[in-house]
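Me: I am new to this structure. Please take me through one part of it, the sheet and its aromatic rings.

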Amino acid sequence: DPAFSAGPAAAPPPEMLAAPADAYKLGPGDKLDIEILGETGSRAETFVTPDSKIYFNLLAGQDVGGKTTEQVRQELETNLAQYYKRPQVSVTLVEALSQRFWILGRVNSPGIYPLKRPMKVLDAVSLAGGLFTSRFTGTTEELADLSHSFIMRGTEMLPVDFQKLIRGGDMAQNVYLQPDDFIYLPSSLTNEVYVLGAVVEPRPVGFMNEMNLMAAIGRG
């Protein structure tokens, strides 16, 4: 929507510029490598199930949702003690899928990316291949409309000014991301509206004459 102005006046608060203190919390879809050290054949790769459980060795389903790999390791050692003498367990996160963010628009590789380590906005843009550049002019000015770019966190827009961040190098705008953040860098050459939230596929959709709210949601 060309009339939409995403350039916030306020600067990001200091807490958004601080690295998350918590380690990665496990959730459905995450892949783990688990092994009882010294026990031949005990190594196994397992996924966290949709109900946030893992199944390993002789144990029933272990609830790991919202826990770190260290917490899971300690719990496995405690629970496996009924079958092994002082078991030492190794738990490694192989693939992080439950915590992720979206970055769409004029980047070279838009899509959904795992958030398996502390990551800032510029890290996300870099991970997505950087801003899309015209092969004819070698510039991104006419392709990424930074003045209308934004980050959504839940139902709130973060006070990040992409023009200051990317063009001006203002690191006070380079906030840390959280799971499910949605970053969008629109094209200055197209008319789009943004369908976000509880829809099948949160994304921008092309704006058509006389499009109403239900029509936009139907395309999301």
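Reply: Start with the sheet. 5 strands form an open sheet, ordered β7-β6-β10-β8-β9, with mixed pairing. At its edges are β7 (111–114) and β9 (156–157), each pairing on one side only. Strands here are DSSP runs (E, at least two residues), numbered from the N terminus. Two of them pair if DSSP finds at least two bridges between them.

The model is predicted: local features need pLDDT of at least 70, side-chain atom pairs count only at pLDDT 80 or more, and totals for chains, interfaces and linings use all residues. Residues are numbered from 1 along each chain as its sequence is written, and side-chain values use heavy atoms, with hydrogens and water left out.

Now look at β6 and β10. Strand β6 (residues 100–105) runs parallel to strand β10 (residues 182–185), and 4 bridges join them. Gly105 stands opposite Leu185 in β10.

Next, the rings. Rings of Phe, Tyr and Trp (its six-membered ring) pair if their centres lie within 6.5 Å; planes under 30 degrees apart count as stacked, over 60 as edge-to-face and the rest as tilted. That rule gives 3 aromatic pairs. Phe101 and Tyr113 are stacked, at 5.9 Å centre to centre and 25° between the planes. Phe101 sits in strand β6 and Tyr113 in strand β7, 12 residues apart. Both Phe101 and Tyr113 are buried (under 20% relative accessible area; exposed is over 50%, partly exposed in between; 1.4 Å probe, protein chains only).

Phe150 and Phe182 are also stacked, at 6.5 Å and 25°. Phe150 lies in strand β8 (residues 150–153) and Phe182 in strand β10, so this pair ties together parts 32 residues apart in sequence. Phe150 is buried at 2%, and Phe182 is buried at 6%. Ring pairs link Phe150, Phe182 and Tyr184 into a cluster.
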